[in-house]
Amino acid sequence: MAAAAATASTKGNGGGGGRAGAGEASGSRKKKGPGPLATAYLVIYNVVMTAGWLVIAVGLVRAYLAKGSYHSLYYSIEKPLKFFQTGALLEILHCAIGIVPSSVVLTSFQVMSRVFLIWAVTHSVKEVQSEDSVLLFVVAWTITEIIRYSFYTFSLLNHLPYLIKWARYTLFIVLYPMGVSGELLTVYAALPFVRQAGLYSISLPNKYNFSFDYYTFLILMMISYIPIFPQLYFHMIHQRRKVLSHTEEHKKFE
Amino acid sequence: MFKRHRSLASERKRELISPGATRSTLKNDMRNFHSLSQFILAAGPLRSIPAVKHAKTTHFEIEILDAQTRKQICIVDKVTQKSTIQDVKQKFHKACPKWCPSRVGLQLERGGPFLKDYRTIQSIAVSSIITLYFTDLGQQVSWTTVFLAEYTGPLLIYLLFYLRIPYIYDMKESSRRLRHPVVHLACFCHCIHYLRYLLETLFVHKVSSGHTPLKNLIKSCAFYWGFTSWMAYYINHPRYTPPSFGNKQITISAINFLICEAGNHFINVVLANPNHTGSNACFPSPNYNPFTWMFFLVSCPNYTYEIGSWISFTVMTQTLPVGIFTLLITIQMSLWAQKKHKIYLKKFSSYMRRKSAMIPFIL
């Protein structure tokens, strides 16, 4: 869900053509767009993020070639993954100060679910780090993020190659379910260890009369994927039809 | 028809031309006699002239178009000058029964503000045929229904938890332990709070006959009912821990709670009976009642007292979920208070000295 949500991201960073939520490829003509300083900053941000995810991708490939198997590759890219995924929190700030025309709530939701999975599940429950499901969502995220950030970079510079646009609006068909399965399997694998260690849970009686069960929280989170996943997925498919057919029409007229 | 065109044209030349129309547009309009209504619609602000020269009262025709498709839905005719938007909506309802007046949103132009029910046709008319755009505002409920649902829910839900309906708590544990008096006191205070709200909604508040979309009802009920269940679960739990500072903490916060409740009540009474004296109309001001002296310090003391009540309740029960609820409603009410404060500043700037919106001297 975090994978898809990022792919589905409603309005994307900065100006430029085809964006998801707003739905129109011609939306850029109507809106004002960020000023030159903001654009420069956003370009730098997006380039740095693209580079970061490329580092993670290269790290995965190198680790695979070195080890010869695809198990336990998480350890080789743990640090850059944490750094660059947490860096995505800046996107919430971008929406809040208005240099990116996305809704703050939606972006927070997307970014926080990613950050939650990285820190509160994968980092906190060490036994889960050697699972294969971790590799599943890391690969899905890596490919998605490389394409997404390069899409934003090119959009901001107004030179969007059709290939990147096509990739962004097509690869999600495979990557989204892949990412969601990876995430769900990881959370599911973490459950027994959370129960055993009583991780992040408070029970009664205590001075402030409060209780929190992390185990139940994780289960509820997994259940929440059921209504949200189809909505986002079909929204993206709908966007794809709009954006890619719109571009074809433009090509016909040229 | 030709004579009328001439008279209109000469009238128009005498009047100021509206910013929208240009000289050339006027000339073109005069040349094309496509339809009378088109011509009149394209005209600038005309003084409303009688549609029929020898009639004494002016009758208007209102054409109602769909705001999205611009298709004509119906025409409401024989609308007098003094009728209001509310009358138009009711006539529209008679013509098209599926749109109740409360669901109807009428705008003068697409994307403009919705016209309020009390506005008269005279104030918005520029000619004898008016075009209004219609938007369906969705299923509406009256504000009174919303308040009653919002406040009855928590009252009953808390009692369910207090009376320990089976299956909520472990039966063996519940029957064994004696309950600390603060649990009973908390139930009493909570019930007083919501009973007071209900009685005020029914007898004190002069809620305007306004309506609100159905989803607002669902949202606020979900919020209040959800949080009340969460709070009530912990306060009435067999493993509830009484406050750390014992009876001192409980009595002081209980007294504070009662003071804030009384204050809130008196403020609501004052707000419901505004003084309409001259320029001070509808600006609430303090009177002999000491509780209303909060008006000297803040512009929305009802919110101040409410936050006071909930903070006292939090301290009295020393329960974190109550604290979280208090924080959330404080945030929501501070937004409302800021808005109201700005309105007061604009309208009554001479009376608003050294006042804050909600929390004295701070916010």
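## Helices 9 and 12 of chain B

In this predicted model, the axes of helix 9 and helix 12 of chain B come within 9 Å and cross at roughly 155°. Angles over 145 degrees count as roughly antiparallel, and helix 9 of chain B and helix 12 of chain B are therefore roughly antiparallel to each other.

Helix 9 of chain B brings B:Phe223, B:Tyr224, B:Phe227, B:Trp230, B:Met231, B:Tyr234 and B:Ile235 to this contact. On the side of helix 12 of chain B, the partners are B:Pro321, B:Val322, B:Ile324, B:Phe325, B:Leu328 and B:Ile329. By class, the contact has 13 nonpolar, no polar and no charged residues.

## Interface of chain B and chain A

Twelve residues of chain B are in contact with eight residues of chain A. The area buried between the two chains is about 920 Å², and carbon and sulfur atoms give 56% of that area. Of the area that chain B buries against chain A, 51% is supplied by B:Tyr234, B:Arg239 and B:Gln318, more than by any other three residues. B:Tyr234 also belongs to the contact of helix 9 with helix 12 within chain B.

Seven residue pairs are in polar contact between chain B and chain A, both residues being at pLDDT 80 or more. Helix 9 (214-235) and helix 12 (320-347) of chain B each supply at least two residues of the side of chain B that touches chain A. By class, that side has five nonpolar, six polar and one charged residues.

## Helices 8 and 10 of chain B

Helix 8 (residues 181-204) and helix 10 (residues 246-272) of chain B pack with their axes 11 Å apart, at an angle of about 0°. Angles under 35 degrees count as roughly parallel, so helix 8 of chain B and helix 10 of chain B are roughly parallel to each other.

From helix 8 of chain B, the residues in this contact are B:Val182, B:Leu185, B:Cys189, B:Ile192, B:His193, B:Arg196, B:Tyr197, B:Glu200 and B:Val204. They meet B:Ile250, B:Ala254, B:Phe257, B:Glu261, B:Asn264, B:His265, B:Asn268, B:Val269 and B:Ala272 in helix 10 of chain B. The residues of the contact divide into eleven nonpolar, four polar and three charged.

## Salt bridges

Over all chains, the count comes to eight salt bridges. One salt bridge is formed by A:Lys82 with A:Glu78, whose closest N and O atoms are 2.9 Å apart. A:Lys82 and A:Glu78 are separated by about one helical turn, because they are four residues apart in helix 4 (residues 78-87) of chain A.

## Backbone features in loops of chain A

A:Leu204 and A:Pro205 are joined by a cis peptide bond, with omega about -10°. A:Pro205 has its place in the loop between helix 9 (172-197) and helix 10 (214-253) of chain A.

A:Asn158 has a phi near 60°, a positive value in a residue other than glycine. The loop that holds A:Asn158 runs between helix 7 (132-156) and helix 8 (162-170) of chain A.

Methods
Residues numbered from 1 in each chain as written. Chains lettered and ligands numbered in written order. Predicted model: local features only at pLDDT ≥ 70, side-chain atom pairs only at ≥ 80, totals over all residues. Heavy atoms only, no water. Contact = heavy atoms within 4.5 Å. Buried area = accessible area lost by both parts, 1.4 Å probe. Polar contact = N/O pair within 3.5 Å; in protein donor to acceptor, adjacent residues only side chain to side chain. Nonpolar A, V, L, I, M, F, W, Y, C, P; charged D, E, K, R; others polar. Axes fitted to C-alpha atoms, helices over the stretch in contact; angles between N-to-C directions. Parallel < 35°, antiparallel > 145°, perpendicular 65-115°, else oblique. Salt bridge = Lys/Arg side-chain N within 4 Å of Asp/Glu carboxyl O.
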